[in-house]
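Reader: Before I rely on the terms used for this structure, I should like each one set against its definition. Please take them in turn.

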Amino acid sequence: MSSESLIANLSSDLAPVQRRSMVREGGLVLALGTVELALFLGMGVMRPDMSHMAGSPYLMWRVGSLGLLAVVACVLAIQSFSPTARPRRGLMLACVLAVAAIVVGAFVTPDGANERALLDRIDPARGMLCAVSIFVLSLPIVALLGALMRRAAPTQPRLSALASGIAAGACGAFVFAFCCPFNDPLYVVVWYTAGCAAAAAAARWRLPRRFHL
């Protein structure tokens with residue numbers, strides 16, 4: 001059998017594959033995040049003092065920094081699915097943004113927060129619930145990014161999976177920020193980071209397995 005005949009036989013039952021579109025994939029992530037936020041707030045869990053806190057430097061820092069990190073991380077994750085992408089650079093950029101947000105948070109601490117004991121500021125019992133909530137809220141985004149990653153051709157799936165987990169964790173933290181009643185940046189840094197780290201670790205562990213690495 002000639003090479004041409006062999007190739008024809010192997011490719012005869014192949015179906016055309018839709019070309020990737022970063023705009024379309026980003027739109028899917030945005031749509032899922034919007035639906036998740038709407039459903040979450042529709043449950044009546046928005047913090048009761050939102051009208052009072054709206055416009056405060058602290059809330060603007062929390063929601064703004066998490067929203068920015070979620071958008072940037074999602075774009076970087078989707079970009080990392082390309083065969084020519086370099087996910088390591090994107091991960092470094094996401095880390096730089098996260099560190100910058102933490103630094104800015106040191107200047108928006110509400111009055112009286114620094115006067116409390118460290119353990120009271122962190123509040124481990126409630127903090128663990130916050131971290132778990134962020135992790136759960138991130139799972140739908142992890143699943144969607146995993147599906148998009150599966151359809152693409154990432155050459156570094158482990159790093160792409162890690163980028164997807166960071167993006168999903170940031171999205172989950174952004175959604176949760178609208179109901180979290182705590183007004184201490186230290187609390188946010190500790191437990192929101194824990195929730196995002198759990199999402200990143202889960203994505204890094206689970207998603208590459210679909211590539212049989």
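Author: Let us begin with the cysteines. The sulfur of Cys179 has its closest cysteine sulfur in Cys180, 6.6 Å away, which is too far for a bond. This is a predicted model, in which local features need pLDDT of at least 70 and side-chain atom pairs count only at pLDDT 80 or more, while totals for chains, interfaces and linings use all residues. Residues are numbered from 1 along each chain as its sequence is written, and side-chain values use heavy atoms, with hydrogens and water left out.

Reader: Why is Cys179 called buried, and what is Cys95 called?

Author: Buried means under 20% relative accessible area, exposed over 50%, and partly exposed in between (1.4 Å probe, protein chains only). Cys179 has 13% and therefore counts as buried, whereas Cys95, at 46%, is partly exposed. For helix H8, 16 of the 20 residues are buried, so the helix is mostly covered.

Reader: How do you know that the length of H8 agrees with its number of residues?

Author: Helices (H or I, at least four residues) and strands (E, at least two) are DSSP runs, numbered from the N terminus. The expected span of a helix is 1.5 Å times one less than its number of residues. For the 20 residues of H8 (residues 157-176) this gives 28 Å, and the end C-alpha atoms are 28 Å apart, so the two agree. H7 (residues 124-151), with 28 residues, should span 40 Å, and its end C-alpha atoms are 40 Å apart, which also agrees.

Reader: Where does H7 bend?

Author: The bend of about 35° is at Leu139, and Pro140 follows within four residues. The bend at a residue is the angle between axes fitted to the seven residues ending there and the seven starting there.

Reader: Why is Arg204 called partly exposed, and which residues does Arg204 contact?

Author: Its relative accessibility is 33%, so Arg204 counts as partly exposed. Arg204 lies in helix H9 (residues 185-206). Leaving aside neighbours within four places in sequence, Arg204 is in contact (heavy atoms within 4.5 Å) with Arg158, Ala161 and Leu162.

Note on methods. A disulfide is a pair of cysteine sulfur atoms within 2.5 Å.
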